[in-house]
Amino acid sequence: MASAPIYDDKAEVRGQLDLSKAEWQRAAEPDADPDGEYVEIAFVPHNDGKTYIAMRNSKYTGPEDTVLVFTESEWDAFVEGAKAGEFDEPW
């Protein structure tokens, strides 16, 4: 069975995004526990003129920790999928 092609439209920025000055936004209620574990996102401009969306776990914020990076179109698809329940756990 042939596998689907893999498109990597972030290859040119992989390892080159400067996250050191990213302004991380936390997805949490205003009265949420400040020491809790949350999803954080940042909009990161790159010298190619594009803005990338970075997403991380608030408990893992070191320079070697995992950060997911989306193009704007990938982010839009991710948000629409989340709204549509594509990532919900089955009951």
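**Entry 1: strand 1 and its partner**

I looked up the bridge partner of Gln-25 and found Ile-41 in strand 2. Strand 1 and strand 2 are joined by two bridges and run antiparallel. I count strands as DSSP runs of E of at least two residues and helices as runs of H or I of at least four, numbered from the N terminus. Two strands are taken as paired if DSSP finds at least two bridges between them. The model is a predicted one, in which local features need pLDDT of at least 70 and side-chain atom pairs pLDDT 80 or more, while totals for chains, interfaces and linings use all residues. Residues are numbered from 1 along each chain as its sequence is written, and side-chain values use heavy atoms, without hydrogens and water.

**Entry 2: the sheet**

I traced the order of the elements from the N terminus as β-β-β-β-α, that is, four strands and one helix. The four strands form an open sheet in the order 1-2-3-4, with antiparallel pairing. Strand 1 (25-26) and strand 4 each have a single partner strand, so one side of each is left without a neighbour in the sheet. Strands of a sheet pair through backbone hydrogen bonds, either parallel or antiparallel.

I then followed strand 3 (residues 51-57). Seven bridges tie strand 3 to strand 2 (residues 39-45), antiparallel, and Phe-43 stands opposite Ile-53. The hairpin of strand 2 and strand 3 has five residues between the strands, and there Gly-49 takes a positive phi near 90 degrees. Towards strand 4 (residues 68-70), strand 3 has three bridges, again antiparallel; Ala-54 has Val-69 as its bridge partner.

**Entry 3: cover and cores**

I noted that five of the seven residues of strand 3 are buried (buried: under 20% relative accessible area; exposed: over 50%; partly exposed in between; 1.4 Å probe, protein chains only). Across the protein, buried residues make up 24% of the 91 residues.

I searched for nonpolar cores, meaning sets of buried Ala, Val, Leu, Ile, Met, Phe, Trp, Tyr and Cys residues joined through side-chain atoms within 4.5 Å. The largest has eight residues: Val-13, Leu-17, Ala-22, Trp-24, Ala-42, Val-44, Tyr-52 and Ala-54. Strand 2 and strand 3 each supply at least two residues of this core. Apart from it lies another core of five residues, among them Ile-41, Ile-53, Met-55 and Trp-75.

I also listed the contacts (heavy atoms within 4.5 Å) of Tyr-52. Not counting residues up to four places away in sequence, they include Lys-10, Val-13, Leu-17, Ala-42, Val-44 and Phe-70.

**Entry 4: Ser-58**

I examined Ser-58 in the loop between strand 3 and strand 4. Is Ser-58 buried or exposed? Ser-58 is buried, because its relative accessible area is 11%. Its side chain reaches the backbone nitrogen of Tyr-38 at 2.7 Å and the backbone oxygen of Gly-36 at 3.5 Å. Leaving aside neighbours within four places in sequence, Ser-58 is in contact with Arg-26, Gly-36, Glu-37, Tyr-38 and Glu-40.

**Entry 5: record and overall values**

I consulted UniProt, where an unreviewed entry lists "domain: DUF397" at residues 22-83; such annotations may be inferred rather than shown by experiment. The span is 19% helix and 31% strand, and its end C-alpha atoms lie 25 Å apart. The C-alpha atoms of the protein fill a box of roughly 45 × 40 × 20 Å along the principal axes.

Notes: A polar contact is a pair of N or O atoms within 3.5 Å; within protein, one must be able to donate a hydrogen and the other to accept it, and residues adjacent in sequence count only if both atoms are side-chain atoms.
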